[in-house]
Structure formats: C-alpha cells, structure tokens
Amino acid sequence: MRALLIEDDPLLGDGIKTALEREGYTVDWFMLGREAIRAIGSETFSVIILDLGLPDMDGMRVLQLLRQQSTLPILILTARDAMEDRIGGLDAGADDYVLKPFNLQELLARLRVVMRRAEGRASQILTLGALSIDEARHVVSWRGKDVKLGRREYALLLELARHPDRVLSRPRLESLLYGWGDEIESNAVEVHIHHLRKKLEKHVIINVRGIGYRLDSQAR
Ligand code: CA
C-alpha cells in the first residue's frame, strides 16, 4: 500500500508517516498542495490523506483537484471547530474525516475502514485460499499457522493480496517498497518475494517471467 500524505505540520506529518510505515505503508509525504497534485498524476497510490489547512493553496481546492484526477479513497484532516470544512470536504469527494488533534490509532482505523469500503469488503481480515491477513493486527497466517514477516515482506504480500490473481509488475511492486528519495536496490523485490515464498509456500506467489508476480487466490 502506498499513501499520499499532504500535511504541512512537520511534527504531525512525521508522526503520521512513521505510524503508517509501521502499518506496512510506503508514504510519499508532501507539505504543499501543488506538490501533491503533481504527484497524483505520476504515481500509483492506494489512499490519500489530506490536511485541509495548507500554506500554499486552499485545502478544499486541493481536494477537488485530487478528486478530479483520482477515485482513490481520500481521508481529510480538519480542525475540530471547522464544521463547514467537514461537510464541504465530504461533499467535495472526501470519504471520511478525522478531527485534529487525533489519536494515531484512530487515524489508522479510519484508513482501514475507507480502504475496505473502497474494495467492497466487509471484514478486516483478507482470506484467500489458506492464506489470511488480519490488517488491524498485522497477523498473517498460512494454513492456520501464524507467519512472521518483515515490514517490506508484509507490504508486498498485502499489495498482492489486495489484487489477487492479477499480475503486478516489478516496477509497481518496487515503487511500493520505496518512497521518493530512497535508493532502490535492483533485486530488492526478488529477494523479498523469495523470502515470502519460503515462509509461505512457493505456489502462493507465482512468478510471471519478465513481467511480475501474482498471488493465487485459491492456493492451499
Ligand atoms: Ca495544516
């Protein structure tokens, strides 16, 4: 999962970024609205978190421009006393809002809800064949047994599981592992997938030669 975070408060932005990364997200964090609008056109994200109080542009305008370009779930961050922002934001296409100041756990829970809704899922547990992923607890199990995964292994598995039976290209998986500015080791995806296949079983993740990988939703 890759999140686009737009928040101009350095402390809060850093806190959100860290919490999301612990949750298995890759985070592209921008402090200006116009940077975010530029980024949405060129990168593949799973969710957008937008602070409505930005220094360079009206947050509501940023929201409208993002919504014009994307159907992704958008969560807005608004001041507790700005009721018009909340209503205006929902009307302008936001999926939900969180009032500042908020608890990071609340933000993460709301994110899980908007993403689940976007995927048309009722449960927080993804079940595919003998594989199950509990997103709230970060517990992966295969054939009923818990499997311990590293952060990047988890992020890759979750992305594949969110798009079961579809081939995800290597560049797309790579972009998930690293935010902008991080250096990408050329074989990082292969290495992590190799470990995943060892920890689960080989036939769960299928290597489509020269293209990428896909997760078999029926694997047992
Ligand atoms: Ca702000």
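Let's start with the metal: a calcium ion is held by Asp-8 (OD), Asp-51 (OD) and Gly-53 (O), at 2.3 Å. Keep in mind that this is a predicted model. Written along the sequence, the donor residues follow the spacing D-x42-D-x1-G.

| Residue | Relative accessibility | Class |
|---|---|---|
| Asp-8 | 25% | partly exposed |
| Gly-53 | 45% | partly exposed |

Now for the sheet. Five strands make up an open sheet, lined up as β2-β1-β3-β4-β5, and their pairing is parallel. At the edges you'll find β2 (26–30) and β5 (96–100); each has a single partner strand, so one side of each is left without a neighbour in the sheet. On average, neighbouring strands are turned by 20° against each other, direction ignored.

Take a look at β1 (residues 2–6) and β3 (residues 47–51), which pair in the parallel sense over four bridges. In this pairing, Leu-5 stands opposite Ile-49 in β3. In general, strands of a sheet pair through backbone hydrogen bonds.

Finally, there's a helix to spot: α4 (residues 83–91) packs on the sheet and touches both β4 (74–79) and β5. The direction of α4 makes about 165° with that of β4.

Conventions:
Residues are numbered from 1 along each chain as its sequence is written. This is a predicted model: local features need pLDDT of at least 70, side-chain atom pairs count only at pLDDT 80 or more; totals for chains, interfaces and linings use all residues. Side-chain values use heavy atoms; hydrogens and water are left out. Two strands pair if DSSP finds at least two bridges between them. Helices (H or I, at least four residues) and strands (E, at least two) are DSSP runs, numbered from the N terminus. Axes are lines fitted to C-alpha atoms, for helices over the stretch in contact, and angles run from 0 to 180 degrees between N-to-C directions. Contact means heavy atoms within 4.5 Å. Donors are N, O and S atoms within 2.8 Å of the metal (3.2 Å for Na, K and Ca); water is not among the atoms, so sites may look incomplete. Buried means under 20% relative accessible area, exposed over 50%, partly exposed in between (1.4 Å probe, protein chains only).
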